[in-house]
Amino acid sequence: MADRIKLYLSSVSSNLETKKHQQKIVMIMDSKRIDYDKIDIAANETSKTKMREVMGDPKGLPPQLTKGDQHLGGFAEFEAAVENEELMIFLKLE
């Protein structure tokens, strides 16, 4: 299904802040029972290329959220949506 939410992340990030951001997104998405696909860009170069293509940023880094071929945002946008109680709007599920 083309319009599924995808969370692009990296299982081999050496950046502790990136790991924490990824874990927080996963924890919130799982706790709210939101259906999404986790895509590990460390395991697949094609996935990293696709993430950056959708973002429109050749140097973009995870975590990033997309829906279909639409870039929703990264951790900062996700966190703002959670704080503003607009997560479902941010994820285009409303």
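A residue is called exposed here when its relative accessible area is over 50%, buried when that area is under 20%, and partly exposed in between. These terms are used throughout the legends below, which describe views of a predicted model.

View 1. The C-alpha trace spans about 35 × 30 × 20 Å along its principal axes. For 94 residues, a compact globule would have a radius of gyration near 12 Å, and the protein chain, with 12 Å, agrees with that expectation. Of the 94 residues, 39% are buried, while the protein chain exposes about 5900 Å², of which carbon and sulfur atoms supply 47%. When contacts between residues at least 6 apart in sequence are considered, 61% of them join residues at least 24 apart.

View 2. Ser-10 lies in the loop between β1, residues 5-9, and α1, residues 16-31. Because its relative accessible area is 12%, which is under 20%, Ser-10 counts as buried. A polar atom of the Ser-10 side chain lies 3.4 Å from the backbone nitrogen of Val-12. Leaving aside residues up to four places away in sequence, Ser-10 touches Gln-22, Asp-40, Ile-41, Ala-42 and Pro-62.

**View 3. The salt bridge between Asp-35 and Arg-4.** Asp-35 and Arg-4 form a salt bridge in which the closest N and O atoms are 2.7 Å apart. The pair links distant parts of the chain, since Asp-35 sits in the loop between α1 and β2 (36-40) whereas Arg-4 sits in the segment before β1, 31 residues apart. With a relative accessibility of 53%, Asp-35 is over the 50% cut-off and therefore counts as exposed. Arg-4, at 22% relative accessibility, counts as partly exposed.

View 4. Asp-37 has a relative accessibility of 26% and so counts as partly exposed.

**View 5. The salt bridge between Lys-50 and Asp-69.** The side chains of Lys-50 and Asp-69 meet in a salt bridge, with a distance of 3.0 Å from N to O. Lys-50 lies in helix α2, residues 45-55, and Asp-69 lies in the loop between β3 (64-67) and β4 (70-74), so the pair ties together parts that are 19 residues apart in sequence. Lys-50, with a relative accessible area of 27%, is partly exposed, whereas Asp-69, at 61% relative accessibility, counts as exposed.

Terms used: Residues numbered from 1 in each chain as written. Predicted model: local features only at pLDDT ≥ 70, side-chain atom pairs only at ≥ 80, totals over all residues. Heavy atoms only, no water. Helix = DSSP H or I, 4+ residues; strand = E, 2+ residues; numbered from the N terminus. Buried < 20%, exposed > 50% of the residue type's maximum accessible area, 1.4 Å probe, protein only. Polar contact = N/O pair within 3.5 Å; in protein donor to acceptor, adjacent residues only side chain to side chain. Contact = heavy atoms within 4.5 Å. Salt bridge = Lys/Arg side-chain N within 4 Å of Asp/Glu carboxyl O. Rg over C-alpha atoms; globule rule 2.2 N^0.38 Å. Areas by Shrake-Rupley, 256 points an atom, 1.4 Å probe, with all protein chains shown as cover.
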